[in-house]
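Let's walk through this fold together, from its sheet out to its helices and ligand. Keep the viewer open as you read.

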Amino acid sequence: MTDAPSAAWDRFSAEYQRRSAIPVDTAYYGPDIPTERQLRLLGDLKGKRVVELGCGAAQSSIAFAKAGATVIGVDSSAAQLSYAHQLCAKEEVRVELRHADMAELAFLRADSVDLVFSANAFQFVEDLNRVFRQVHRVLKVGSPLVFSLPHPAWSIIDEERPDPTIGRSYFDRDPERVVWDGVEFTTYRHDFSGLYGALTRSSYRVDLIAEPSPVPSAQHSWQWRDAMELVPRTLIIRARKEGN
Ligand SMILES: C[S@@+](CC[C@H](N)C(=O)[O-])C[C@H]1O[C@@H](n2cnc3c(N)ncnc32)[C@H](O)[C@@H]1O
């Protein structure tokens, strides 16, 4: 049986942190693609109030704090947050870490946040409408929600095969079970029409969509598949809060 996302992440956290090499000096959007240093989607964060949803070990939150922001990292996995506490201490930065579901942001005041960021976490959430509504409440008018998640085209690729192979229909909208190191996760495919509809219904204006090609590198991440040369692995969206 698939664990609840927080339980699955508690079990997989140590292995995820061991396998991943996520930078702490710039925001990370996903495996094998350019970072914020190259993409420049967030602007100057000095003096800004930033919230990261699904922060994991808080590597990007730490980068935001180093850039002069006041940062709150939110994650539903205690194990991931334990790594976040250790990493913040090691990097000697202050990030407020909250053990919470990203759809429960009642601890944040309305219209108080300059940027909400999330990398590679929304695929674990079935109903993004709730998240978008909560984020809309806490953002200042005109401020962005910037998030990355698996590109919907990537979801048709069979990741178990070493060669690029289509494994399922683009029109199959069922949740997917993935197993990493014996831990089962359920992921949800969020396609362009669903994301755009949910964002506009919650009064955002989408002002940027990025589908980065992989960084040429001899040293790929553990999530690398050769199909990433042919199909975008990660989708990034920036959407700004319109009036209440
Ligand atoms: C693939 S990890 C990404 C972590 C980090 N953003 C990174 O790029 O390394 C996904 C994270 O989302 C968190 N997560 C999943 N569902 C969540 C939810 N509903 N609320 C808060 N965090 C959630 C998990 O605990 C996990 O730490």
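A residue is called buried if 20 or more other C-beta atoms lie within 10 Å of its own, exposed if 12 or fewer do, and partly exposed in between, with C-beta atoms placed from the backbone. Because Y29 has 26 C-beta neighbours inside 10 Å, Y29 counts as buried. Please keep in mind that this is a predicted model, in which local features need pLDDT of at least 70 and side-chain atom pairs count only at pLDDT 80 or more, while totals for chains, interfaces and linings use all residues. Residues are numbered from 1 along each chain as its sequence is written.

Let's start with the sheet. Helices (H or I, at least four residues) and strands (E, at least two) are DSSP runs, numbered from the N terminus, and two strands pair if DSSP finds at least two bridges between them. Here 7 strands form an open sheet with mixed pairing, in the order β3-β2-β1-β4-β5-β9-β8. β3 (96–99) and β8 are the edge strands, each pairing on one side only. On average, neighbouring strands of this sheet are turned by 20° against each other, direction ignored.

Now look at β1 (49–53). This strand runs parallel to β2 (residues 70–75), joined by 5 bridges, with L53 having V74 as its bridge partner in β2. β1 also runs parallel to β4, through 3 bridges, and there V51 stands opposite V116. In a regular strand the side chains alternate between the two faces of the sheet. In β1 both faces are covered: R49, V51 and L53 are buried on one side, V50 and E52 on the other. Since 5 of the 5 residues of β1 are buried, this strand is largely enclosed by the rest of the structure. Together with helix α3 (residues 59–66) and β2, β1 makes a right-handed β-α-β unit; right-handed means that, with the strands pointing away from the viewer, the path from the first strand over the helix to the second runs clockwise.

L208 lies in β8 and is partly exposed, because 13 other C-beta atoms lie within 10 Å.

Two residues are in contact if their C-beta atoms, placed from the backbone, lie within 7 Å. α5 lies across β1, β4, β5, β8 and β9, running at about 110° to β8; axes are lines fitted to C-alpha atoms, for helices over the stretch in contact, and angles run from 0 to 180 degrees between N-to-C directions. α6 lies across β8 and β9, at about 150° to β8. The buried residues of α5 (residues 128–138) include V131, V135 and V138.

Back to Y29, which sits in the loop between α1 and α2 (36–39). Beyond four places in sequence, Y29 touches T35, L39, A119, S148, T234 and I236.

A residue is near a molecule if its C-beta atom, placed from the backbone, lies within 6 Å of it. Of the 19 residues around the ligand, W9, G54, G56, S77 and A121 come nearest. α1 (5–19) and β2 are the elements that give two or more residues to this shell.
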